[in-house]
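Subject: Structure for your files

Hello,

Please find the structure below, with the sequence. My notes on it follow.

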Amino acid sequence: QLQLVESGGGLVQPGGSLRLSCAVSGFTLDYYPIGWFRQAPGKQREGVSCISSSGTGTNYADSVKGRFTISRDNANNTVYLQMNSLQPEDSAIYYCAARSTPYSPYSCTLRPGQYENWGQGIQVTVSS
């Protein structure tokens, strides 16, 4: 059974950093593009970053470019999201998701509807 579990969230001051982890089980990470998404209260879920199954393709939302970095460790079946220079507007529940239907190994999408498998989410709060 395919499972994704997020960790690493919490409360951080503006300008601080957090690293989110997405541990996957039930499938081999090598074959799936993985995305990070977030949803703030009253807002739609939005794509933050994604990484292709090969690891060679990444995408970032404009709002996080230059501050967030996605990476994957296939040996440990984990995808990371390093978040630096966090701002209050980054506060949200963060989700990781895997697309299990065929997709280019060299690209990925930030569209939530393109992912079938989701973690339970983890809270990130940026506040002084």
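The bridge partner of Gly 35 in β5 is Cys 50. Please keep in mind that this is a predicted model.

**The nonpolar cores**

As a general point, nonpolar side chains in soluble globular proteins tend to be buried together. In this model the largest nonpolar core has 30 residues. Those with the most contacts inside this core are Leu 20, Trp 36, Phe 68, Val 79, Leu 81, Met 83 and Tyr 94. Two or more residues each come from β3 (18–25), β4 (34–39), β5 (46–51), β7 (68–73), β8 (78–83), β9 (92–98) and β11 (122–126). Another core, of five residues, lies apart from it, and Phe 37, Cys 50, Ala 97 and Tyr 115 are among its members.

Leaving out residues up to four places away in sequence, Tyr 94 touches Glu 6, Leu 20, Trp 36, Phe 37, Arg 38, Val 48, Phe 68, Leu 81, Met 83, Gly 121, Ile 122 and Val 124.

**Aromatic residues around Trp 118**

There are four aromatic pairs in the structure. In one of them, the rings of Phe 37 and Trp 118 have their centres 4.9 Å apart and their planes at 50 degrees, so the pair is tilted. This pair links distant parts of the chain, with Phe 37 in strand β4 and Trp 118 in strand β10 (residues 117–118), 81 residues apart. Phe 37 is buried, at a relative accessible area of 0%, whereas Trp 118 is partly exposed, at 27%.

The rings of Tyr 95 and Trp 118 also pair, with centres 6.2 Å apart and planes at 80 degrees, so this pair is edge-to-face. Here, too, distant parts of the chain are linked: Tyr 95 is in strand β9 and Trp 118 in strand β10, 23 residues apart. Tyr 95 counts as buried, at 12% relative accessibility. Phe 37, Tyr 95 and Trp 118 form one aromatic cluster together with Tyr 115.

Trp 118 has a charged group at its ring as well: the charged end of Arg 45 sits over the ring, 4.7 Å from its centre.

**β3, β1 and β8**

Arg 19 also has a bridge partner, Gln 82 in β8. β3 and β8 pair in the antiparallel sense over six bridges. Strand β1 (residues 3–7) is joined to β3 by five bridges, and these two strands run antiparallel. In that pairing, Gln 3 stands opposite Ser 25 of β3.

Gly 26 is in the loop between β3 and β4. Is Gly 26 buried or exposed? Gly 26 is exposed, with a relative accessible area of 59%. In sequence Gly 26 and Gln 3 are 23 residues apart, while their C-alpha atoms are 6.2 Å apart in space. Not counting residues up to four places away in sequence, Gly 26 touches Gln 1 and Leu 2.

**Thr 78**

Thr 78 has its place in strand β8. With 9% relative accessibility, Thr 78 counts as buried, the cut-off for that being under 20%. What does its side chain reach at 2.9 Å? The side chain of Thr 78 reaches the backbone oxygen of Asn 76. Neighbours within four places in sequence aside, Thr 78 is in contact with Ser 21, Cys 22, Ala 23, Leu 29, Ser 71, Arg 72 and Asp 73.

Regards

Technical notes: Residues numbered from 1 in each chain as written. Predicted model: local features only at pLDDT ≥ 70, side-chain atom pairs only at ≥ 80, totals over all residues. Heavy atoms only, no water. Core = buried A, V, L, I, M, F, W, Y, C linked by side-chain atoms within 4.5 Å. Buried < 20%, exposed > 50% of the residue type's maximum accessible area, 1.4 Å probe, protein only. Helix = DSSP H or I, 4+ residues; strand = E, 2+ residues; numbered from the N terminus. Contact = heavy atoms within 4.5 Å. Pairing = 2+ DSSP bridges. Polar contact = N/O pair within 3.5 Å; in protein donor to acceptor, adjacent residues only side chain to side chain. Phe/Tyr/Trp six-rings, centres within 6.5 Å; stacked < 30°, edge-to-face > 60°. Lys NZ or Arg CZ within 6 Å of the ring centre and 35° of its normal.
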